[in-house]
Amino acid sequence: MQTSTKRSDRAPRRQPKRSRDPEASRRALVDAAAEIFNSVGYYGTDTNRIAIAAGYTPGTFYTHFEDKRAIFLEVYRQWVDAEIEAVTAVLGSDEPAKRVRLARVVLEHHRKWKIFRASLRALYATDAIVHAARLEQRRRQIEVALEQMDKTGKKARAEIGR
């Protein structure tokens with residue numbers, strides 16, 4: 001009896017492993033999560049959707065993050081970083097209408113992230129870990145604001161002393 005060995009009967013050919021930069025993978029996951037959280041909210045997605053949107057398998061997601069909340073908190077941290085950077089840039093400028101520009105920058109940042117912020121508010125009220133993380137980020141924002149005010153105050157005092 002002769003058996004034919006069809007391609008489908010043989011073990012599948014292994015694809016060579018692709019070398020990936022873990023930091024690039026993490027960034028792609030966070031970027032995809034940010035976009036999804038800001039379009040459908042925290043409860044409107046899952047980790048599989050985030051991984052697929054970033055171009056990875058769900059297993060890759062769990063290599064970088066424990067769960068959906070962990071990546072949400074990373075998106076939140078980066079959101080705060082972006083806001084602090086924008087505020088610092090305005091405060092460090094020499095433009096005469098800084099206060100108006102500052103208000104516009106902050107409002108635009110918050111408008112752009114409207115759905116993400118709604119998820120943040122909901123989780124803040126129901127999730128102790130998100131609650132604690134938000135309080136910590138608020139403390140950080142206040143510290144940066146006070147530091148900027150101190151720099152501005154020192155600069156103003158130096159100009160007066162000339």
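In the protein chain of this predicted model, confidence is highest in helix α6, at a mean pLDDT of 97, and lowest in helix α7, at a mean of 80, where pLDDT is the predictor's confidence in each residue on a scale from 0 to 100. Over residues 11–19 the pLDDT falls below 50, and this stretch has 1 contact in the model beyond near neighbours in sequence, a contact meaning heavy atoms within 4.5 Å. The chain as a whole averages a pLDDT of 85, with 81% of the residues scoring at least 70. Because the model is predicted, local features need a pLDDT of at least 70 and side-chain atom pairs count only at pLDDT 80 or more, whereas totals for chains, interfaces and linings use all residues. Residues are numbered from 1 along each chain as its sequence is written, and side-chain values use heavy atoms, with hydrogens and water left out.

The protein chain contains 7 helices and 0 strands, these elements being DSSP runs numbered from the N terminus (helices H or I, at least four residues; strands E, at least two). Of the contacts with a separation of 6 or more, 63% are between residues 24 or more positions apart.

Buried residues make up 31% of the 162 residues in the chain, where buried means under 20% relative accessible area, exposed over 50% and partly exposed in between (1.4 Å probe, protein chains only). The largest nonpolar core has 28 residues, of which L29, F37, I50, I71, V75 and F116 touch the most other members; such a core is a set of buried Ala, Val, Leu, Ile, Met, Phe, Trp, Tyr and Cys residues joined through side-chain atoms within 4.5 Å. Two or more residues each are given to this core by α1 (22–40), α2 (47–54), α4 (68–91), α6 (114–126) and α7 (128–160), and α4 gives the most, with 8 residues.

Leaving aside residues up to four places away in sequence, L29 touches I50, A51, A54, Y56, T60, F61, H64, F65 and I71. H64, which lies in helix α3 (residues 58–64), is counted as buried because its relative accessible area is 19%. With the same exclusion of residues up to four places away, H64 touches P22, S25, R26 and L29.

M149, located in helix α7, counts as exposed because its relative accessibility is 55%.
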